[in-house]
Amino acid sequence: MSRFVTDSAGDSRGLYSTDTQFDRLSPDQVTSGQYSSIFAGVNNKVTGLGSAVFAGYSNEVSGNYSYVGGQLNIVKGEYACLFGYNNEIEGYYSWMVGNDNSNQNDFLFGFGQNGNFYNGGNKNARSITILCSNGYNIGTPDYAEDAQPNGCVTMGGFFPYPVFIGEVVKNANVYAVLGNPYIPIPGSGIAGGLQVNTNQVQNSQVLLTGEKLFEVPFIDPDTGQIRLTNTLRLQLEGGINNIPDGGTNLTILAPEVTNWIMTVNWVVKELNGDVTSGQDNVVIGKDQFGGLTVQEYEHIARVGQSSMADFDTTYTISGINPNSIEMNISRTVVPPNPSYSGTLRAAAVVKFTQSFAYQG
Amino acid sequence: MSKFSVQNGVSGSIKYGDPRGNASTDMQFVRTAADQVASGYASLIGGGAQNKASNFYSAVVGGFGNVSSGVSALTAGAGNVASGESSVALGGGNLSSGYGAFTLGLDNQATADGSVAVGNGNVAQGVGSGIIGSAASTTLSTGVGALVLGGSAGVGYLPGQVVTNARGGQYSGATPEIGTLQVSEIILTGQIEVPPGQAASSIPLTLDGGAPGPTNQVGMLGSDKTWQIDIDYMVIGLNGKVMGGKDIVIFDKISNIVNYSDKASVSVIGDAVFKTQFTTNYISLGSPVDFAMTIIPNGVVILDPNFPVTLRAAAKLTIVELKNN
């Protein structure tokens with residue numbers, strides 16, 4: 001005996017499968033996968049290798065080594081686990097509990113409901129965690145640089161919208177705007193809310209880095225002194241092992257009029273040398289014509305060694321990509337001798353508070 | 001019949017396996033060793049191949065090569081081991097050995113009691129600690145209740161530390177090195193009693209609010225680190241006074257010694273008089289205490305001439321942690 005079946009109806013079962021389901025609408029709703037199991041329920045179907053349906057109604061598992069409980073769930077990914085109602089998983093090693101979710105990402109872990117994973121060009125993003133958020137989006141098809149938000153986390157709230165590597169989103173929400181009759185609350189038809197699929201209000205945090213060797217000294221035409229310029233461009237995963245740039249631009253994805261307040265904590269260290277750090281506040285805006293501007297930034301606090309005091313931070317909009325924020329840390333120094341060299345390493349944690357700014 | 005097995009004709013051979021536990025259910029057909037059966041009392045193997053459920057109430061839902069050896073342990077997937085009591089291991093190649101430990105994903109380990117490891121290649125060693133949605137991250141045994149969220153090669157090594165945005169492979173090439181680049185948050189607390197008519201003394205802030213010692217103060221993991229710290233603190237007099245402030249602090253540690261630190265006070269708010277009576281101080285006491293925070297009275301501060309006053313302080317530290325060699 002190489003199969004265990006309690007009901008002889010239906011198609012033939014897979015080798016070494018266990019099928020204790022009695023009722024089905026079509027003959028293929030059986031354990032046709034090898035080592036697969038259906039322990040109870042009706043209209044369940046398992047074609048994957050070593051996969052199982054614990055119980056429930058009209059679940060379908062085609063991925064290998066995957067498990068599902070609940071109703072109307074579809075699992076195509078391998079090593080996936082799914083509980084809830086009307087969900088679909090295509091990613092591998094993913095685990096979801098909730099309702100009406102769909103996921104194409106590997107290593108996703110999520111609780112929540114009424115979620116929509118608009119994976120688009122970012123469907124290969126990995127290690128995503130959704131903790132008790134509702135109506136979430138992971139990346140978009142039209143994100144210009146197709147940056148995958150690997151390792152992103154959303155915690156609570158509604159419609160968090162991570163797009164950066166390692167981004168952590170907290171407190172996401174969609175606010176109602178009183179007196180605006182033109183934008184309905186999503187799905188409700190009630191005037192006074194905001195449109196769906198935009199990240200209206202959220203707090204998030206990303207980490208930028210930069211690293212490079214000192215540049216070649218030059219002769220200052222005004223003073224005749226030998227000088228060198230140290231400019232560090234901070235990017236997502238920027239400047240690894242002395243390779244300048246090489247990371248991903250910090251690109252703002254904003255389909256609507258939106259403002260951001262950025263609090264930036266940054267540090268610059270000369271390896272085996274001195275160090276300095278500071279905190280800046282930056283105001284970013286996007287108008288109704290789609291233009292992104294750095295409206296203002298100020299240096300809030302500064303600490304560090306005097307030899308590093310001439311380092312300064314600047315924030316501009318990149319000319320390469322009009323939606324990218326360019327953060328640079330730079331100084332011009334007089335080297336102690338012409339052969340002076342070293343490596344600078346910098347990191348900055350950027351905390352965003354983002355707000356929809358329509359004034360209709 | 002006190003047990004149900006799909007193969008119990010000749011117990012003891014590999015084909016049929018060892019005797020099943022009383023009240024067990026074993027629906028597995030394929031094994032390469034005789035003990036790959038539901039041998040525990042009231043245990044379950046739902047299907048699959050080469051699985052083993054050996055302890056009381058343990059279960060292997062299905063899959064391949066799983067071992068549920070803890071009391072009430074559960075596994076599903078391939079190559080998982082749940083050896084801790086009431087532990088769960090789901091996915092591939094996971095180990096849940098702590099009491100109530102939970103692993104999910106690929107090649108994770110949750111070895112401490114109540115620990116959680118979700119993602120890929122994570123190891124949770126702190127009691128009640130968690131790693132969620134990360135890769136190659138760790139909580140150390142000192143990181144009780146620590147949480148690593150997202151990123152890769154993050155490390156939670158202080159009690160209650162919450163780590164985000166970790167990128168341990170940034171400066172180490174193909175082999176990630178934990179804690180080389182990450183952001184984290186911790187809370188420090190402290191409290192003193194000021195007798196009536198006497199001057200307030202300094203308030204040391206520690207990880208557990210207790211008297212400062214080698215185990216409840218802050219050490220930086222590794223010998224070469226730079227910390228940029230955003231500190232939001234508050235001091236409460238339980239007589240109704242309150243003040244708060246924000247500092248920016250930098251600590252630079254080279255060859256196991258903090259050789260440089262600096263502080264900038266950004267703002268102070270609160271009761272008009274109370275907020276002028278205290279300031280902050282940050283020093284290194286030498287290994288293992290790289291960072292010590294103290295609330296210090298500005299001169300002689302007598303809070304109440306007739307009644308004792310309790311002073312309570314708390315600080316949230318947001319730390320950018322950067323490897324500096």
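## Strand pairing in a predicted model

Two strands pair if DSSP finds at least two bridges between them.

## A three-strand sheet in chain B

In chain B, three strands make an open sheet. Their order is E21-E26-E25, and the pairing is antiparallel. Strand E21 (203-205) and strand E25 (278-283) of chain B are the edges. Each has a single partner strand, so one side of each lacks a neighbour in the sheet. From one strand to the next, the twist averages 25°.

Six bridges link E25(B) to strand E26 (residues 292-297) of chain B, in the antiparallel sense. One residue pair can be picked out here: B:Tyr282 has B:Met293 in E26(B) as its bridge partner.

## Chain B as a whole

Chain B has 27 strands and zero helices. Its radius of gyration is 26 Å, while the globule rule gives 20 Å for 325 residues. The value is well over the rule, so chain B is more spread out than a compact globule. The C-alpha trace of chain B spans about 85 × 50 × 30 Å along its principal axes.

Of the 325 residues in chain B, 59% are buried. Take the contacts in chain B between residues at least 6 apart in sequence: 26% of them join residues at least 24 apart.

## Chain A as a whole

Chain A also lacks helices: the count is zero, against 26 strands. Chain A has 360 residues, and 47% of them count as buried. For contacts in chain A between residues at least 6 apart in sequence, the share joining residues at least 24 apart is 34%.

## A parallel sheet in chain A

Five strands of chain A form an open sheet in the order E4-E6-E8-E10-E12. Here the pairing is parallel. Strand E4 (45-46) and strand E12 (102-103) of chain A are the edge strands, and each pairs on one side only.

Inside this order, strand E6 (residues 60-61) and strand E8 (residues 74-75) of chain A pair in the parallel sense over two bridges. A:Glu60 has A:Ile74 in E8(A) as its bridge partner.

## A hairpin and its neighbour in chain A

Strand E18 (residues 218-219) and strand E19 (residues 226-234) of chain A run antiparallel and are joined by two bridges. A:Ile219 stands opposite A:Ile226 in E19(A). E18(A) and E19(A) form a hairpin, with six residues between them. In the turn, A:Gly224 has a positive phi of about 75°.

E19(A) has another pairing. Seven bridges connect E19(A) with strand E25 (residues 324-333) of chain A, again in the antiparallel sense. In E25(A), A:Met327 stands opposite A:Leu234.

## Where the chains touch

How many residues of chain B are in contact with chain A? There are 55, and they contact 52 residues of chain A. On the chain B side, strand E24 (residues 257-270) of chain B supplies the largest share, five residues. The residues on that side of chain B divide into 27 nonpolar, 23 polar and five charged.

How values were computed:
Residues numbered from 1 in each chain as written. Chains lettered and ligands numbered in written order. Predicted model: local features only at pLDDT ≥ 70, side-chain atom pairs only at ≥ 80, totals over all residues. Contact = placed C-beta atoms within 7 Å. Helix = DSSP H or I, 4+ residues; strand = E, 2+ residues; numbered from the N terminus. Nonpolar A, V, L, I, M, F, W, Y, C, P; charged D, E, K, R; others polar. Rg over C-alpha atoms; globule rule 2.2 N^0.38 Å. Buried ≥ 20, exposed ≤ 12 C-beta atoms within 10 Å, placed from the backbone. Axes fitted to C-alpha atoms, helices over the stretch in contact; angles between N-to-C directions.
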